[in-house]
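Reader: Please pick one part of this model and go through it closely, residue by residue where that helps. I would like the cut-offs behind each term, and then an account of how the rest of the chain is arranged.

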Amino acid sequence: MSAPHAAPAARAAAARQPRGLRRFTTPRPPRAEVCELCGVPVASEHRHLVDTERRSLACACPACAQVMARPGATGGGRFRAVPDRVLTDPDHRFDDGLWNLLAIPVSVAFFFHNTALDRLVALYPSPAGATERELEPRERETVLDATALAGELAPDTEALLVRRTGELTECHLVPVDRCYALVGRMRLLWHGFDGGAEARADLDAFFDDVRRKARTTGADSS
């Protein structure tokens, strides 16, 4: 059958299906993202809020993100605006001993203070998405003592992002949505045991961008 007749035939076959099944088999356009506070459409590049009740990210338009970023504005305690600053600590103490203590099986992890749980949590990318590593109290204290960035860390919305590459370990403070974006990229690109060449190249590009945007801790870090 030639291509011009294929589409009408497919539509006719879909029309003969039960209505309940049709919604799973009929192609639908991608749903546009909207601000979860006011409902207006948002651009592909947009700010996020942390929904502390659902433990998830919420899309925000520029106006709502600006309002929620004001001191004291927390959306009834539920929403927190994700900042856009990126800091780095060249004097961190994430050494081999600390990494072995944490027993994280990949080269990248991020840490943030979850106010709902009232503790520091550790997550790392995996083929299944963000995998949480339960931290003992002593491990949490060791992580917080390893970098001056811990004193800058905003709860829920910012994370300590650590990567080991050979003998080099780097530590940055980044918006938490960037960490989850990285996890999503790794999940899409991951192949084999170690992620594969494409995932490693994407990871390198991600950290190149982090380094370009980062300011050293203590240098106008507000």
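Author: Aspartate 51 stands opposite serine 56, a residue of β2. Residues are numbered from 1 along each chain as its sequence is written, and the model is predicted, with local features needing pLDDT of at least 70, side-chain atom pairs pLDDT 80 or more, and totals for chains, interfaces and linings using all residues. Side-chain values use heavy atoms, without hydrogens or water.

Three strands make up an open sheet, and their order is β2-β1-β3 with antiparallel pairing. Strands are DSSP runs of E with at least two residues, helices runs of H or I with at least four, numbered from the N terminus; two strands pair when DSSP finds at least two bridges between them. β2 and β3 are the edge strands of this sheet, each pairing on one side only.

β1 covers residues 47–51 and β2 residues 56–60; five bridges hold them in an antiparallel pairing. The two strands form a hairpin, and four residues lie between them. Arginine 55, in that turn, has a positive phi of about 55°. Another bridge to β2 joins histidine 48 to cysteine 59. Towards β3, residues 79–81, β1 is joined by three bridges, and this pairing is also antiparallel. Leucine 49 has alanine 81 of β3 as its bridge partner. β1 is mostly covered, with four of its five residues buried (buried: under 20% relative accessible area; exposed: over 50%; partly exposed: in between; 1.4 Å probe, protein chains only).

Glutamate 36 belongs to the loop that runs between α2 (19–25) and β1. Leaving aside residues up to four places away in sequence, glutamate 36 touches Leu57, Ala58 and Cys59, where a contact means heavy atoms within 4.5 Å. Between glutamate 36 and cysteine 59 the C-alpha to C-alpha distance is 5.8 Å, at a sequence separation of 23 residues. Glutamate 36 has a relative accessible area of 44%, so it counts as partly exposed.

The protein chain holds seven helices and ten strands, and 41% of its 222 residues count as buried. Among the contacts in the chain with a separation of 6 or more, 58% are between residues 24 or more positions apart.

There is also an open sheet of seven strands, in the order β7-β6-β5-β8-β9-β4-β10 and with mixed pairing. Its edge strands are β7 and β10 (215–216), each of which pairs on one side only. Inside this sheet, β5 and β6 pair in the antiparallel sense over five bridges. Phenylalanine 111 has its bridge partner in β6, namely alanine 122.

In α5, residues 137–145, the residues Glu139, Arg140 and Val143 are buried. Seen down the helix axis, the buried residues of α5 fall within an arc of 100°, so they line one face of the helix; the arc is taken over directions from the axis to the C-beta atoms. The cover over these buried residues includes α4 (96–102), β5, β6 (119–126), β7 (129–133) and β8 (158–165).

A search of the whole structure finds three aromatic pairs; rings of Phe, Tyr and Trp (six-membered ring) pair with centres within 6.5 Å, and planes under 30 degrees apart are stacked, over 60 edge-to-face, the rest tilted. One of the pairs is phenylalanine 110 with tyrosine 180, which is edge-to-face at 5.5 Å centre to centre and 80° between the planes. This pair links distant parts of the chain, since phenylalanine 110 sits in β5 (108–114) and tyrosine 180 in α6 (176–189), 70 residues apart. Phenylalanine 110 counts as buried because its relative accessibility is 2%. Tyrosine 180, at 31% relative accessibility, counts as partly exposed.
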